[in-house]
Amino acid sequence: MKKNILIIGYGDIARRLHVILCKDNYKIYGISRSKKKGLEDFIKWDWLSRDLPNLECNNFESIIFIPKPSNRNQAGYQEGFLKSSENTFNFLKVSKKIIYRKFITISSTGAYGLSTRQESYLDESSNIVPMFTEEDPFPGDEVDIGQRIIRQYEHNQMRRYRNKLIILRFSGLYSSKPISKNHLHRDTAAKIIKFFVENDFDFTSPEIFNCTEDASLFIGEKKSSYGNISNEKIKKLGFIFD
């Protein structure tokens with residue numbers, strides 16, 4: 001019997017995932033604002049609206065949430081990460097009959113903000129800037145705004161989905177040539193999601209994984225421009241980067 005997968009935010013990464021998942025084992029349902037080519041089981045929904053999507057299926061192996069900022073400013077990040085995730089959670093909460101084993105939420109190594117410009121190596125336990133507070137709700141630096149919104153988004157998701165939650169922090173996504181020192185090919189991003197869909201790890205708490213290609217701060221004794229975000233945690237779990 002096929003396992004059902006629901007992808008909320010069906011775009012380029014979801015399409016690549018759809019191609020590599022075994023069609024004999026999985027049935028893909030995709031939610032998007034517009035119909036996607038090659039997607040048979042399509043559900044139309046604008047996650048910024050108050051309307052609720054209509055799902056024929058209510059039992060899923062995994063739900064995959066792929067947010068995207070509507071713009072590279074404060075409002076765009078708030079809509080793309082905070083509002084969309086809140087509406088998705090409210091939809092699942094209202095639809096009490098929906099069952100799922102894993103909730104895979106896509107985030108970004110933008111959660112590290114300006115720390116990625118430093119020489120220190122960053123892993124999932126690194127101390128990074130706090131979320132918004134009542135005393136300091138909107139920092140002046142636009143980079144900090146995006147960073148803090150992403151951190152708030154991750155915090156909200158951990159509170160909502162608890163031990164069902166897997167957070168995948170993608171580095172700068174590219175298709176042909178990297179455009180940032182911490183980077184991840186779009187095909188590899190799809191393979192990482194596939195890895196967590198196909199494998200059960202029985203996590204007892206929310207887990208965060210940095211998803212970035214192998215990098216080194218040094219080549220011999222000479223500093224390089226390579227990335228400074230560690231991917232050791234996901235590699236220890238068994239994922240192999242090409």
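Is valine 94 buried or exposed? Valine 94 is exposed, as its relative accessible area is 57%; exposed means over 50%, buried under 20%, and partly exposed in between, with a 1.4 Å probe and protein chains only.

## Basis of the report

The structure is a predicted model, in which local features need pLDDT of at least 70 and side-chain atom pairs count only at pLDDT 80 or more, while totals for chains, interfaces and linings use all residues. Residues are numbered from 1 along each chain as its sequence is written, and side-chain values use heavy atoms, with hydrogens and water left out.

## Position of valine 94

Valine 94 belongs to helix H2, residues 74-94. Helices (H or I, at least four residues) and strands (E, at least two) are DSSP runs numbered from the N terminus. Leucine 52 is 42 residues from valine 94 in sequence, and their C-alpha atoms are 9.3 Å apart in space.

## Cysteines

The structure has zero disulfides, a disulfide being a pair of cysteine sulfur atoms within 2.5 Å. Cysteine 57 is buried because its relative accessibility is 11%. Cysteine 211 is also buried, with a relative accessibility of 0%.

## The second largest pocket

The lining of the second largest pocket includes Arg101, Lys102, Leu165 and Ile166. Strand S5 (99-108) and strand S6 (165-170) are the elements that each give two or more residues to this lining. By class, the lining residues are five nonpolar (Ala, Val, Leu, Ile, Met, Phe, Trp, Tyr, Cys and Pro count as such), five charged (Asp, Glu, Lys and Arg) and two polar (the others, Gly among them).

A pocket is an open set of points on a 1 Å grid over the protein atoms alone, where a 1.4 Å probe fits, with protein on both sides within 12 Å along at least five of seven lines; lining residues have an atom within 4 Å of a point.
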